[in-house]
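Student: I am new to this structure and would like to go through it slowly. Could you show it to me first?

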Amino acid sequence: MKSIFLLLGALLLSAVTASATATVQKWTAGWDNFGEPLNYTRSKISWSVNATTQKLSVIFTLVGATPSKLYQVGIVPFCTTFPATFGQFPVDNGGTCEQLTRQGVTATAATVELGVVTTDIHGNGSFTVVIGPVASGTYHVEFQARDGAGCNLIGGAGNGSDCADDFQSPGPFGTTTTITVP
Amino acid sequence: MKRIFLLAAALLLAAGTAFAAATMQKWTAGWDNFGEPLNYTKSKISWSVNATTHKLSVTYTLVGATPSKLYQVDLSIFCSTFPSTFGQFPVQGLGPGNTCQTATRQGVTASAAYVEVGVVTTDLHGNGSFAVMVGPVPSGTYDVEFRALDGAGCGLTGGAGNGSDCAADFQSPGPKFGDTTAITVP
């Protein structure tokens, strides 16, 4: 019996070590649109890195947004150079870090389109994605939710007004979260 | 120690009662498009009903589809009349008096309503998945097909609109329009 408890303890410890505690952060408005409805208190992004698998898990949650609407979500690494892929996802424009000026800040960034949050009749919805394996390194990123779905992807609204950024995190533009993949 | 084991067994039994084992089923082509790429062996839908919360959980998985593409996924409920909502989602395709919309596909005529629940976004390899929990759903037996559409925005704001993206690339169970899975919510 003692051996079983020791084994269970070891397994638990191993799991805790591999999966870091999730970081929860809030959305802010913009950097393109500032009038899109959202319950900023209840909406969030939750992310964690599994050090063993080098996978990044992200849960995008919107509460009180526009009902029955598609919000394409992604990760925006601020960079000077960047690979063409991030885990299993392509980076927009082959990984080019493009210069942007938003909210009075000029910075260079790449974008990885990860998925879509679809809201229900209350304007609530969430999307979970596991990205990886991600190359070891430190990434300075913002999370974003766009004003529709189809930006740099097939089957949506295309590269028009749906590419505009409704929500960012942490924000304002260029204020980043550091994600370290060991 | 014996008490701990009895408590653990009781908790396990309670959990087992509330959470039915997930049902897994495969995709088939169509009912509108039949040439969209997909690894039909590895792709699937997994669903279960929680009898306590009356919530339906569904995970849509596509493997080997078109890379970097949006596939809107839904529940097609075969019906004569249907409520305006299904869980927290609006129901599309209802006529006057909440009558279900008649359609003919693959030589079969039937009436159905549609619940658009989300989008599968594929990666570099054409792989992607989307999980959703719908509910609480009223008690009843629902005859449904799961669908993946040829884009995103059908009946929703912010996508491609109500055009060719509304066409069904994949259905389950199929293989014919109107071949349904019975989902019972107690």
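Student: What share of the 186 residues of chain B counts as buried?

Tutor: This is a predicted model, in which local features need pLDDT of at least 70 and side-chain atom pairs count only at pLDDT 80 or more, while totals for chains, interfaces and linings use all residues. Residues are numbered from 1 along each chain as its sequence is written, chains are lettered from A and ligands numbered from 1 in the order in which they are written. A residue is buried if 20 or more other C-beta atoms, placed from the backbone, lie within 10 Å of its own. Among the 186 residues of chain B, the share that counts as buried is 40%.

Student: How many bridges join β4 of chain B to β10(B)?

Tutor: Strand β4 of chain B covers residues 55–62 and runs antiparallel to β10(B). Leu62(B) stands opposite Gly128(B) in β10(B). The number of bridges joining β4 to β10(B) is seven.

Student: Which element gives the most to the side of chain A that touches chain B?

Tutor: Counting two residues as in contact if their C-beta atoms, placed from the backbone, lie within 7 Å, 27 residues of chain A touch 27 residues of chain B. The elements of chain A that give two or more residues to this side are β5 (70–77), β7 (89–90) and β10 (112–118). With four residues, the element that gives the most is β10(A).

Note on methods: Pairing = 2+ DSSP bridges. Buried ≥ 20, exposed ≤ 12 C-beta atoms within 10 Å, placed from the backbone.
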